[in-house]
Amino acid sequence: MNEKNALLIESAFKEYYFNRFDLIHVPQKATEREFGYQKFNSGMTRHLVIKNDKELHLLLMREVPSDVYCSNAYYSFPNLSMSEKDWKGADLIFDIDAKDLALPCRKDHTIFKCNSCNNHMIEFQSQCSKCGSTKFDIVSVGCMNCISESKKEVTKLVDILTTDLNVKKEQIEVYFSGNEGFHVRVTNADYEQLGSQERADLVDYIMFNGAIPESFGIKRQNNSKTSLPTFEEKGWRGRVARKLFSSKSKAPKVTREIITSGYSAFQVQLEEIKRTMGVRVDPKVTMDIHRIFRLEGSINSKSGLSKIQCINLDSFDPFLEACLLGDDDIDIMADCPIQIRLKNKKFGPFNNEIVSLPKYAAVYMLCKGLGNAT
Amino acid sequence: MLKIGAKDLAKYPFLTEAGEYLRNTGLSLEQLGDPDWQPIVEKAYGRIVVASSGQIYGSDLEALDNDSELLSFLVAIILLKSAGIATLIRRFSLAESRRAEKYLQQDLWISRDKKNLELPLKIIQDLFAVNVSIDNEDFVIKVPDYLQRAVHFHEKEWKLVNRRVANGLVYLSAHETVRLIRAELGEYINGKIQSVNVDSIPQSFRHRVEDLVALAKKFSDTTYVSSEYPPCVKHGIEVLEKGENLPHSGRFLLATYLLSKGQTVDQIAPLFKNAPDYNERTTKYQLAHISGSSGSGTKYQCPSCEKLRSESLCFAIPDCDGIINPVQFGKKRKIQ
Ligand code: SF4
Ligand SMILES: [Zn+2]
Ligand SMILES: [Zn+2]
């Protein structure tokens, strides 16, 4: 990022970190966690110990990081190297990113930025229309549809966690990631000891990955006395039954149909159920028990929005509630072919023009690479 | 308190209560050296021989009512410790855990209606810190306890998604419950044996100890694990050594990898001995087929890292960076 842009963003971040101490806290068991941060145009600083809110605030004021992270794991010695940290456990974390949902609306808010001439295109083309280059940066700007679809995934996840896995509602924290999705953190002592492979299998459960027909009563041969799961059953068996039968009275008829169609047809149905009912989380995040994960309350430098907890998920509007930077006007050179909406105001489209924008919108453009400081 | 009787100890001679029981009989090691007790020594020796061949020693049910089952187990441990050969101890632990597994399963199954599950559940709880409870016909354990054990199995039916799950609990049959703790049972018995100290043994044991040393020679050429092997291969070997089932794709990896490293079919075959479904003839036949020395004559290549990853058989470590096939492991070093 060019120096001028970095300075503008940094000063906006600093102002936020200075004014909003109330939003920025270390998580529980802070002394056992590893912290890390990044500054614009420089590498990651890791293996830090931050004992309390005060130390965190000091660090934020001193360094003004572009991004701040904290481990989901607890260690005896969080400041030592990976092999010496002595892993003690880790919260279960989930990452739901609209990018992974591949929704049809994405093409309407994705911008292709030519790497060599900075030309912006909305539609995907194999070559830049101005200079013929074939290398692009792909930028996606905020979309309410992406957010509401991601919320549905969060709701499915919370349902499985609470009903199948016996996690209490109070043990689940849902956060807006600060860009295009949600982070979910589960603090439940039963699960914190699980290693990476165990978490991988747990994710498969949540995503409904790897289910075989046998588990639902359909064998390769001889299904005459088969019993499929029933409507009232718990867990995936019940969920599958309710999906297949749609109503209790239809169960006998549908069961007959399933048995006649056979094993591979049922496999296809399971695949379909996985697509529609499995929770689409990023498995790599949950499996990684040494990850440093974006710290709640901190700003995401991909957007200038904050990672904040969603108390009421249904009504949560990230482009209002997580947009927490100042609103004094700043002039920037904006090049944004799509209109964006922040704090219930519309901005753009801008075609390489100098505009005066509230700080939060100006920073958003800069973070997305759709504008430059003047 | 739960009363553990002679019959229980005959089935589960590795329980801590066995020592106490023995003390109460007043029997000493010296006394066991008396010619009168020679049949016990022979029984103990037989128990080890059977185990070393990969078989499970079968007790006749009548014998469960006398002390010879328990005593022969204890004497077997003394013989094994005196011989001091790790391979024998490992094979013995494995076979004994299989034997106990059978009883454990029976005990769980038979006593489930009578709600008289104290002993089998106590064993599972005390030894492995897993809480098993009963819900109607089923045994239930907590999801995390389940995951920590089931991830070592590679068959799809052990994936959590293929289990009945509700309220944080997994539902299992008696057989599955016991299957889940098999490896730990083996390790527990192995640990028990390791912790025993034997200073001097009666003269009458000597002969059989020497026989054990001779017996072990048969296995001494089968040291396969080398630090040079990639993690995926090491993992496969470990799985087999624990007597766990390795899926076909895992066996294929081991066979092709070891063949590519110049090992012969005869050297590789014994590796599969502990597999639950081992059959020497078919194993050799399949290996010969893979090596290209029979059938179509095509020599099969070791599968790629990518393929192994998709089969959950990859356990990559930093040394794996930059390689695309396990056979390259150790050849290319990360350049930095
Ligand atoms: S990266 Fe390749 S060699 Fe390394 S563990 Fe995975 S499959 Fe084996
Ligand atoms: Zn261009
Ligand atoms: Zn969208």
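Predicted model: local features only at pLDDT ≥ 70, side-chain atom pairs only at ≥ 80, totals over all residues.
Residues are numbered from 1 along each chain as its sequence is written, and chains are lettered from A and ligands numbered from 1 in the order in which they are written. Local features need pLDDT of at least 70 and side-chain atom pairs pLDDT 80 or more, whereas totals for chains, interfaces and linings use all residues; side-chain values use heavy atoms, with hydrogens and water left out.

**Chain A, domains.** Colour chain A by domain (bounds come from an automatic or database domain assignment). Domain 1 takes in 3-101 + 148-198 + 292-363, domain 2 covers 104-140 and domain 3 covers 209-277. Between domain 2 of chain A and domain 3 of chain A, the centres over C-alpha atoms are 44 Å apart.

**Zinc ion (ligand 2).** Select ligand 2 next. Its donors (N, O and S atoms within 2.8 Å of the metal, or 3.2 Å for Na, K and Ca; water is not among the atoms, so sites may look incomplete) are the SG atoms of A:Cys114, A:Cys117, A:Cys128 and A:Cys131, at 2.2 to 2.3 Å. The sequence spacing of these donor residues is C-x2-C-x10-C-x2-C. A:Cys114 sits in strand β7 (residues 110-114) of chain A, and A:Cys131, 17 residues apart from it, in the loop between β8 (120-121) and β9 (136-140) of chain A. Helices (H or I, at least four residues) and strands (E, at least two) are DSSP runs, numbered from the N terminus.

The arrangement of the 4 donor atoms is tetrahedral because they subtend angles of 103 to 115 degrees at the zinc ion; four donors count as tetrahedral if all angles lie between 85 and 135 degrees. A:Cys114 is buried at 1% relative accessibility, while A:Cys131 is partly exposed at 39%. Buried means under 20% relative accessible area, exposed over 50%, and partly exposed in between (1.4 Å probe, protein chains only).

**Salt bridges.** Over all chains there are 46 salt bridges, each a side-chain nitrogen of Lys or Arg within 4 Å of a carboxyl oxygen of Asp or Glu. Select A:Glu32 and A:Lys88, whose closest N and O atoms are 2.6 Å apart in a salt bridge. A:Glu32 lies in the loop between α1 (3-19) and β1 (35-38) of chain A and A:Lys88 in strand β5 (residues 87-90) of chain A, so the pair ties together parts 56 residues apart in sequence. A:Lys88 is partly exposed at 36%.

A:Arg46 is in strand β2 (residues 44-48) of chain A, and A:Glu34 is in the loop between α1 and β1 of chain A, 12 residues apart. A:Arg46 is partly exposed at 30%; A:Glu34 is buried at 0%.

Then go to A:Asp282 and A:Lys284, a salt bridge of 3.6 Å, N to O. A:Asp282 is buried, at 16%, and A:Lys284 is exposed, at 57%. Elsewhere in chain A, salt bridges with shared partners join A:Arg33, A:Asp91, A:Glu173, A:Arg185 and A:Glu296 into one network.

Chain B is assigned domain 1 (1-111 + 186-220) and domain 2 (231-335). Their centres over C-alpha atoms are separated by 34 Å.

Finish at ligand 1, with a shell of residues that have a heavy atom within 4 Å of it. Among them are B:Pro230, B:Cys232, B:Leu308, B:Phe315 and B:Ile323. Helices α12 (231-241) and α16 (305-310) of chain B are the elements giving two or more residues to this shell. The shell has 11 nonpolar, no polar and no charged residues. Here Ala, Val, Leu, Ile, Met, Phe, Trp, Tyr, Cys and Pro count as nonpolar, Asp, Glu, Lys and Arg as charged, and the others, Gly among them, as polar.

How values were computed: Tetrahedral: all angles 85-135°; square planar, octahedral: opposite > 155°, others 65-115°.
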